[in-house]
Amino acid sequence: MFIKPKGTYDLYEEELELFQKLIDIVVNTAKLYNFRPIKTPLFEYSEVFHRKNEQSDMVKKETYDFLDKAGRKLTLRPEQTAGIVRSFVENKLYVDNSIKKFYSVGTNYRYERPQKGRFREFYQFGVEVFADQNYIIDFEIIKLLFDIATNLGLNDLVIHINSLGNSNSKKTYNDKLYNYFYEYKNELCKDCMTRLDSNTLRILDCKICSSKEFFNNTPKSIDNLDSDSKNYFDSVIKLLEKFNINYVIDNNLVRGLDYYSEIVYELKANVSGLNATIGGGGRYNSLVSELGGPDICGSGFAIGLERLFELYKTQNNNLQEKRLDCYMISLTNIERSYEIVNLLRDNNISVDINHIQKSFKALLKNALNQNPKYLLFYGDNEYEKKEISVKNTNTQKQENIKISNLIDYLKGVIK
Ligand code: HAM
């Protein structure tokens, strides 16, 4: 027997149908905001992700890199943003100077230690907006993130938000943090010792170090903003308040990628004691130019769809929701039966049929396994009389219906 690779999962039947329903709800919410779709390849030339300015663990340690048969260096995308920016630049989607609002859904690949809610192949729904920096855009994106979760019936939602400032203040802050943590370098955990030089900001979200006493007086990035960034951050916060979006300012929030500046945020949900980060994002003002494009800013977020799905399932016990309308047990010539099956499908009534003849008992067992709302029995007798026997599997009520009335009848009773 072959088994699936570590960190991957299979999804089928009801669960996959429900997963697709979840994607529909998410996408429809984004469409209300006039987001348009974009699709980019699952793999890109490695340099799209492995950039000089991107030193995050995710890109340095977790990517699936490989050579194709011609020796080209390729990388499975660990996230969607960089590929979308590459596409935005390559296809010159900026030439009309209009604001661009994209959404994308797809799989991403990170060589991480698998655990609950963490996979090596996982789905994200993400949005990216390309336009000049504007706090209303950031507010709108955060509102969409919030609305998506709300439309799925989740509550106890909170946006954790922080500002890293522009690239200058981010750098000054980084130096300040370095000097601060350097003082305590002997108290840092092993990983943070390495992070001190390679990725100082990431020390802020270390679970081990954040519980130590020296952590309490860590400098905060929002104390370090210049007046433009401070006003910008305050403007977004004001709108969150005005429109009742539950938020907390989280001074330790830095996010796992290096391309962010100004606003960063994460959406957390507390469902049945499960505290999960559903998604996160922020503003990235230099990535477009870093990938060879003009000086246009970007902003967006991504949601981990497996996590959202887990929460959705806890909130909605609706795995059985989509039932088959009818199952036909054909006890007569199969071609005759197909005339009726085709008629039903043409009228948007879902139906399946036994493809081979077996004992009645076996046919019935197989039919009931499909959990149809109605069983249709069609034998030579019914054929002669131009009717069909219809049985409601809930009430067990059975009646003979004229074929000429069948569609009207079923449309009337199927909800
Ligand atoms: P990220 O925080 O790396 O951001 O990922 C966003 C979300 O994807 C996470 O909050 C989490 O729900 C989910 N996620 C991440 N890794 C895994 C995993 N191994 N298994 C399952 N779910 C996972 C980004 O990817 C940025 N590109 C978001 C963004 C868009 N920023 C600006 N635009």
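1. Over which ring does the charged end of Arg-336 sit? The ring is that of Tyr-383, with the charge 3.7 Å from the ring centre. Here a charge sits over a ring if NZ of Lys or CZ of Arg is within 6 Å of the ring centre and within 35 degrees of the ring normal. Lys-185 likewise lies over the face of Tyr-182, at 4.4 Å from the ring centre.

2. The model is predicted, so local features need pLDDT of at least 70 and side-chain atom pairs count only at pLDDT 80 or more, whereas totals for chains, interfaces and linings use all residues. Residues are numbered from 1 along each chain as its sequence is written, and side-chain values use heavy atoms, leaving out hydrogens and water.

3. In strand S5 (residues 100-109), nine of the ten residues are buried (under 20% relative accessible area; exposed is over 50%, partly exposed in between; 1.4 Å probe, protein chains only). Strands (E, at least two residues) and helices (H or I, at least four) are DSSP runs, numbered from the N terminus.

4. S5 runs antiparallel to S6 (residues 121-131), joined by ten bridges, and Lys-101 has Val-129 as its bridge partner in S6. S5 is parallel to S1 (residues 36-37), with two bridges; strands pair if DSSP finds at least two bridges between them.

5. Phe-139 and Phe-243 form a tilted aromatic pair, 5.4 Å centre to centre with 35° between the planes. Rings of Phe, Tyr and Trp (its six-membered ring) pair if their centres lie within 6.5 Å; planes under 30 degrees apart are stacked, over 60 edge-to-face and the rest tilted. Phe-139 is buried at 10% relative accessibility, while Phe-243 is partly exposed at 42%.
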